[in-house]
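The sequence and structure are shown first.

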Amino acid sequence: MSAAPAFPGLLEEMTTQDIQAFDPEVVVLPLGSTEPHGPHLPMGTDCYQVTRLCHLAVRAANENSARVLLYPTLPITNNANFRRFRFALRVGIRTLMQMLIDIVTQCRDDGIRKVVFVNGHGGNPATLDATLREIAGMDDMPFVCWTWGAWPEGVASPIEHASDHGGEDETSRMLWIRPDLVRSDKLANNPFGQLRIARLKEQTHFVRPWHLYVPESAGGEARESSAQKGQVILETKAGELGDLLVELSETPWDERFPYV
Ligand SMILES: [Zn+2]
């Protein structure tokens with residue numbers, strides 16, 4: 001029996017010869033996080049989710065003749081707002097920015113002109129936006145974009161209780177990906193902290209101290225989560241992401257990219 005990666009493009013399972021033959025066109029870098037997700041979900045929740053999303057999307061894209069190389073998931077990213085919780089792993093804003101710039105520079109040196117960051121953690125968007133601006137100001141860098149993975153227009157979400165951390169959505173995803181790690185006896189409707197000044201949420205941006213915003217380190221109704229909901233969410237998002245990756249792979253790069 002001859003060994004092979006689980007699917008073409010899964011960098012950590014490829015050999016030098018596999019990569020030579022594959023001739024990658026696009027690099028995907030998943031960004032996870034290792035942080036508290038309430039009494040019911042594991043610290044690695046963001047990593048498990050974004051890794052599964054990227055596996056599904058890259059596999060589908062490459063089966064559709066794309067040439068997308070999937071990097072290993074970054075397990076430690078920005079978590080300044082979680083610092084009151086023990087073992088919310090984090091690097092600073094400037095550190096993450098420099099890591100991403102270094103990784104994109106390595107992509108450029110290895111002949112890649114298109115890089116996609118797939119983000120799985122809510123603490124990262126401001127840094128991702130700033131990093132893309134920084135890269136845009138540098139000469140001869142690849143095209144770089146970032147995404148959460150889009151939800152297709154007009155498709156209803158199976159999630160009935162929205163939450164931005166450790167609620168029905170994330171719990172459902174984990175029930176599909178790693179049910180053995182979900183503490184089902186700990187599922188609850190976890191409280192959110194209430195603001196003294198409602199206009200702050202409506203009219204401003206500020207960094208929420210998460211020990212005040214989600215005191216249990218997860219918020220919202222998680223008791224109606226299901227593996228089936230999690231599968232629908234991840235497969236639907238992976239479908240959209242896979243289609244984007246096919247187009248990025250097929251569209252030739254030149255100095256006007258991504259414009260006509
Ligand atoms: Zn999460």
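## Contact between α2 and α8

In this predicted model, the face that α2 turns to α8 is formed by Arg 52, Leu 53, Leu 56, Ala 57, Val 58, Ala 60 and Ala 61. On the side of α8, the partners are Leu 234, Glu 235, Lys 237, Ala 238, Leu 241, Gly 242, Leu 245, Val 246 and Ser 249. By class, this contact has 11 nonpolar, two polar and three charged residues.

The axes of α2 and α8 lie 8 Å apart, and the two helices pack at an angle of about 45°. α2 is therefore oblique to α8. Their crossing is right-handed.

## Contact between α5 and α8

α8 also packs with α5, here at an angle of about 95° and with axes 7 Å apart. The two helices are therefore roughly perpendicular to each other. From α5, the contact involves Asp 169, Ser 172, Arg 173, Met 174, Leu 175, Trp 176 and Ile 177; from α8, it involves Ala 227, Lys 229, Gly 230, Gln 231, Ile 233 and Leu 234. Seven of these residues are nonpolar, three polar and three charged.

## The largest nonpolar core

The largest nonpolar core comprises 50 residues, and Val 28, Ala 57, Val 68 and Leu 245 have the most contacts inside it. Elements giving two or more residues to this core include β1 (26-31), β2 (68-70), α5 (168-177) and α8 (227-250). The largest share, nine residues, comes from α2.

Beyond its neighbours within four places in sequence, Leu 245 is in contact with Val 26, Val 28, Ala 57, Val 58, Ala 61, Ala 66 and Val 68.

Notes. Residues numbered from 1 in each chain as written. Predicted model: local features only at pLDDT ≥ 70, side-chain atom pairs only at ≥ 80, totals over all residues. Core = buried A, V, L, I, M, F, W, Y, C linked by C-beta atoms within 7 Å. Buried ≥ 20, exposed ≤ 12 C-beta atoms within 10 Å, placed from the backbone. Helix = DSSP H or I, 4+ residues; strand = E, 2+ residues; numbered from the N terminus. Contact = placed C-beta atoms within 7 Å. Axes fitted to C-alpha atoms, helices over the stretch in contact; angles between N-to-C directions. Parallel < 35°, antiparallel > 145°, perpendicular 65-115°, else oblique. Left-handed = near helix turned anticlockwise from the far one by under 90°. Nonpolar A, V, L, I, M, F, W, Y, C, P; charged D, E, K, R; others polar.
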